[in-house]
Protein chains: 2
Amino acid sequence: MSDQRHKRLIALTRLITARPGDQLNLTDLSRRLNVAKSTLSEDLFLVKEALEDARLGEINSHVGAAGGVTFWPSIDAERLREGLQVFTAELTNADRLTPDGFLYVTDLLFSPDKIDGLGMLLGQRFRHLHVDYVATVETRGIPLALATSRALRVDVVLLRRDHRLSEGSSLSINYLSGSSRHVQSMSLARRALVRGGRVLFVDDFMQAGGTARAAQDLLGDFGAQVVGVGVLVATREPRHKLVEDYSAILEWNRADDGVGSVAPSDWVKRLVHWEELS
Amino acid sequence: MSDQRHKRLIALTRLITARPGDQLNLTDLSRRLNVAKSTLSEDLFLVKEALEDARLGEINSHVGAAGGVTFWPSIDAERLREGLQVFTAELTNADRLTPDGFLYVTDLLFSPDKIDGLGMLLGQRFRHLHVDYVATVETRGIPLALATSRALRVDVVLLRRDHRLSEGSSLSINYLSGSSRHVQSMSLARRALVRGGRVLFVDDFMQAGGTARAAQDLLGDFGAQVVGVGVLVATREPRHKLVEDYSAILEWNRADDGVGSVAPSDWVKRLVHWEELS
């Protein structure tokens with residue numbers, strides 16, 4: 001029955017794409033769909049070809065006893081362009097300026113609909129680094145860090161602003177933050193399992209880079225290595241940041257009188273085909 | 001060509017299921033797949049039938065000018081059972097006890113792989129309330145709140161522990177927290193857009209319910225109404241909590257000497273078919 005094969009392909013497509021980055025076992029899939037492995041192999045080949053032809057993602061096969069398949073979704077460039085347009089417009093919305101000259105953006109940062117795609121962008125940017133963790137410091141960078149960690153299939157290591165009794169003994173570090181204009185601290189529980197790990201640091205905002213630098217130092221004391229830094233927004237000034245290398249999704253060219261302008265960074269423009277914007 | 005239809009169905013399945021809860025426009029889909037709307041309708045019918053037969057989710061159709069389809073995924077009971085087993089085992093792992101009697105769980109809470117499914121559980125539990133926002137208080141409940149808000153297709157309102165200069169003027173409330181054993185405060189920016197909204201409060205942990213009660217009061221001052229409370233873990237004692245109604249995923253029966261026992265609540269056991277555990 002052709003209809004039966006249609007239905008099986010539909011169910012298989014959903015099962016494979018529902019858990020991006022997870023390796024799915026062929027034995028489980030054939031049991032779940034109630035088909036022989038040889039039939040499953042033919043179906044998988046078709047699903048792979050169809051998804052790749054439509055540029056919806058890639059399917060990687062793993063051979064051997066623990067054989068299986070993994071789906072990696074493509075970036076949805078059109079949707080990301082729309083999301084970035086919203087962000088650039090909102091970040092230059094003068095209504096968002098507080099009397100003290102800060103930009104109120106917490107509502108934007110805590111919207112999965114707006115942030116999840118940006119996490120996929122950072123995931124794409126840093127996939128080649130094969131990190132073991134994404135680290136962030138509380139609080140506003142947490143949603144972007146989680147979205148990035150989901151795309152990279154790793155967990156988030158949370159750096160706390162204060163030492164919390166509930167986390168047992170911790171290491172702390174004090175540093176000068178450019179954006180809050182005073183001395184800040186961050187701490188990490190000794191129980192946090194980052195020893196020897198490769199870490200991507202993610203935050204919402206970077207000005208001088210003091211926070212990213214402090215995170216690098218603190219994680220270094222745990223024997224972990226920060227191999228990449230990704231932020232949502234970086235200010236153009238100061239040009240020289242306290243970390244050597246970083247990737248910002250958006251660049252903010254601050255004006256003396258008002259908000260100034262915000263635009264995606266060049267690597268983002270390339271990834272989302274920004275020039276196709278009408 | 002049968003192969004062509006196969007491939008189209010595979011691409012359509014991915015496009016529809018990639019954005020759970022989003023309404024997808026039929027015109028966009030037919031353009032994207034390069035087929036007539038009549039063909040698309042036939043394909044959609046088959047995809048709907050196949051996904052529903054395999055209990056992978058539901059597709060709702062919307063008629064009219066803004067016509068389209070929305071996919072709502074089913075809960076993956078088997079995977080959730082595995083996840084809940086990990087949590088119950090970890091929460092009673094004596095190695096996680098700090099010298100002060102707290103349980104170190106930050107690493108578990110900040111793992112999308114472990115938390116996302118639990119957010120889908122809370123989403124399923126509270127979908128009928130049709131909330132406008134999920135609210136949480138920083139910091140450890142944030143990943144579960146985000147996962148729940150994603151399942152419900154709404155944003156998160158973040159209650160801060162301190163008033164932050166970067167958020168402009170705020171309202172604050174002080175309350176007695178049972179778990180940290182001292183006076184805590186929480187505050188919300190006046191700019192947060194919750195006025196008149198229906199809110200689900202989500203947190204990682206509930207003992208006496210002081211935090212949930214304070215959130216209820218603070219959000220009430222904004223003209224918002226907390227219509228539901230969901231937490232990852234609630235202690236069995238005290239039986240009487242400071243909020244009238246709440247749903248906990250896990251119940252913790254604390255022992256005087258050590259960690260005690262943790263088990264899923266009855267509503268969770270039903271949803272994930274807990275008794276099917278071998």
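Two residues are taken to be in contact if their C-beta atoms, placed from the backbone, lie within 7 Å. The legends below refer to a predicted model.

**View 1. The contact between chain A and chain B.** By this criterion, 45 residues from chain A and 45 residues from chain B form the contact. On the side of chain A that touches chain B, at least two residues come from each of α1 (2–17), α3 (37–53), α5 (106–109), α7 (142–152) and β5 (155–159). The most is given by α1(A), with nine residues.

**View 2. The relation between the two copies.** Chain A is superposed on chain B by a rotation of 180° with 0.0 Å of shift along its axis, at an RMSD of 0.0 Å. This is the relation of a two-fold axis. Of the interface residues of chain A, 100% are also interface residues in chain B, so the copies meet through the same surface.

**View 3. The two sides of α3(A).** The 17 residues of α3(A), at 1.5 Å a residue, should span 24 Å, which agrees with the 24 Å between its end C-alpha atoms. Within this helix, L40(A), D43(A), L44(A), V47(A), A50(A) and L51(A) are buried. These residues lie on the same side of α3(A), because they cover an arc of only 135° around the axis. An α-helix has 3.6 residues a turn, so residues three or four places apart point the same way. Exposed residues on the other side of α3(A) are S38(A), E42(A), F45(A) and D53(A).

**View 4. The residue R55(A).** Just after α3(A), R55(A) adopts a positive phi of about 55°.

Methods:
Residues numbered from 1 in each chain as written. Chains lettered and ligands numbered in written order. Predicted model: local features only at pLDDT ≥ 70, side-chain atom pairs only at ≥ 80, totals over all residues. Helix = DSSP H or I, 4+ residues; strand = E, 2+ residues; numbered from the N terminus. Least-squares fit on C-alpha atoms with pLDDT ≥ 70 in both. Expected span 1.5 Å × (residues − 1). Buried ≥ 20, exposed ≤ 12 C-beta atoms within 10 Å, placed from the backbone. Arc of directions from axis to C-beta.
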